[in-house]
Amino acid sequence: MAAAGTAGHGPLTGVRVVELAGIGPGPFAAMLLADLGADVVRVDRPNGAGLAIDPAYDVTNRNKRSVIVDLKAPDGADRVLGLVERADVVIEGFRPGVAERLGVGPGTCHARNPKLVYGRMTGWGQDGPLAPCAGHDIAYIALTGTLGMIGAPDQPPAVPANLVGDYAGGSLYLVVGVLAALHHARATGAGQVVDAAIVDGTAHLTSMIHGMLAAGGWQDRRGANLLDGGCPYYGTYETADGRYMAVGALEARFYEEFVQLLGLGEHASARKDLSRWDELREAVAARFKTRTRDEWTAVFEGSDACVAPVLSLREAPHHPHLAARGTFVEHGGITQPAPAPRFSATPTAVRGGPALPGTDTADVARDWDVPDLLKGTTE
């Protein structure tokens, strides 16, 4: 089995989750619950619905188990509802109304299991004019004003992969909602629906910025603010070898150490003088161009100047600090981020590799006491 040994370590040990297969933020949210110890059973479709890669490399399906059910088959919904009866949580990422048409919507599921937490993951939400429309991360963050904040003022907005929308504004808010609703269900016996929309979560992420905007401390344009690259001591600079250093020397004492180590002590007084920021930025840029990234890394190593090398995905796991903490682990030949956060009493781990579609059907049927899962299979 691809996901052998997925039972039991972490603060969510004993929690059962049914994940209706999809792509993007739903699988990542379910992975996080699985990393925390939940027994996550992914209900895959017969023809697959994952990333366009070999499922053996889809890390978002680690620590899970997989069964295959055709929800469009006459008995498909009943087979899934057999799992739902024994679950604490269901996660689905269909467009609004699709789960209901397939016979596994929240009404049907709660009729079978009143304590169930039913987590719904969408981009636009369950209601509103755009709710029935297709979309992807970039469109969701565009409408919230978040995408428009990112990038240089004279360039198009920079695309932050799908991290800000799908995962930060989507998956993490779904998980927070599911855990809060699970706490409520265990206290009261009443389940509920969690409507996690990427537009809502991404907008929520900008709460501090909206406060600063209202107070006059943030300009509604790119590259003109303290945290968006407008400030010369909060941004990135190219080095002699074409690589980059990241600078975040915001506080006075950090800034002073930064300019001293950079060899620009004469610019110490430019920190709060906005009229000198262009001059400061040019001086900092020119100075960083005199040495390589690794040379500058050595200069700032161990200091409080808040300067760090910009590493690639393949470089990051080898950084001494991340290596010492075990921030990345290798499992099944795949280097991947370790579960986070960390717990003193209920430690987590990568217990199993990506669950291959359908390979755990027999075990799940036995462990969850749902023999109907085996109908139509060869297991």
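1. Two strands are taken to pair if DSSP finds at least two bridges between them. In this predicted model, strand E8 (residues 244–248) meets that requirement with E9, the two pairing in the antiparallel sense over three bridges. Within this pairing, Ala-246 stands opposite Ala-308 in E9.

2. E8 and E9 belong to an open sheet of three strands, ordered E7-E8-E9, with antiparallel pairing. Strand E7 (234–238) and strand E9 (307–309) are at the edges; each has a single partner strand, so one side of each lacks a neighbour in the sheet. On average, neighbouring strands of the sheet are turned by 20° against each other, with direction ignored.

3. Two helices pack on this sheet. Helix H10 (residues 277–288) touches E7 and E8, and its direction makes about 40° with that of E7. Helix H11 (residues 293–300) touches E8 and E9, and its direction makes about 30° with that of E8.

4. Elsewhere in the chain, the largest nonpolar core holds 28 residues; Val-17, Leu-33, Val-117 and Leu-174 touch the most other members. Two or more residues each come from helix H1 (25–35), strand E4 (89–92), strand E5 (117–122), helix H6 (163–188), strand E6 (192–197) and helix H7 (198–205). H6 gives the largest share of this core, six residues. As general background, nonpolar side chains tend to be buried together in soluble globular proteins.

5. Val-17 can be looked at on its own. Neighbours within four places in sequence left aside, Val-17 is in contact with Leu-33, Ala-38, Asp-39, Val-40, Val-41, Val-89, Ile-91 and Trp-368. One of these, Leu-33, is also among the core residues that touch the most other members.

6. Another core, of 27 residues, lies apart from the largest one; its members include Val-43, Val-67, Leu-71 and Tyr-118.

7. How do H6 and H7 stand to each other, and at what angle do their axes cross? The axes come within 8 Å and cross at roughly 100°. Angles of 65 to 115 degrees count as roughly perpendicular, and H6 and H7 are therefore roughly perpendicular to each other.

8. The contact between these helices involves Val-164, Gly-165, Asp-166, Ala-168, Gly-169, Gly-170 and Tyr-173 on the H6 side. On the H7 side it involves Ile-198, Gly-201, Thr-202, His-204 and Leu-205. By class, the residues of this contact divide into five nonpolar, six polar and one charged.

Key: Residues numbered from 1 in each chain as written. Predicted model: local features only at pLDDT ≥ 70, side-chain atom pairs only at ≥ 80, totals over all residues. Heavy atoms only, no water. Helix = DSSP H or I, 4+ residues; strand = E, 2+ residues; numbered from the N terminus. Axes fitted to C-alpha atoms, helices over the stretch in contact; angles between N-to-C directions. Contact = heavy atoms within 4.5 Å. Core = buried A, V, L, I, M, F, W, Y, C linked by side-chain atoms within 4.5 Å. Buried < 20%, exposed > 50% of the residue type's maximum accessible area, 1.4 Å probe, protein only. Parallel < 35°, antiparallel > 145°, perpendicular 65-115°, else oblique. Nonpolar A, V, L, I, M, F, W, Y, C, P; charged D, E, K, R; others polar.
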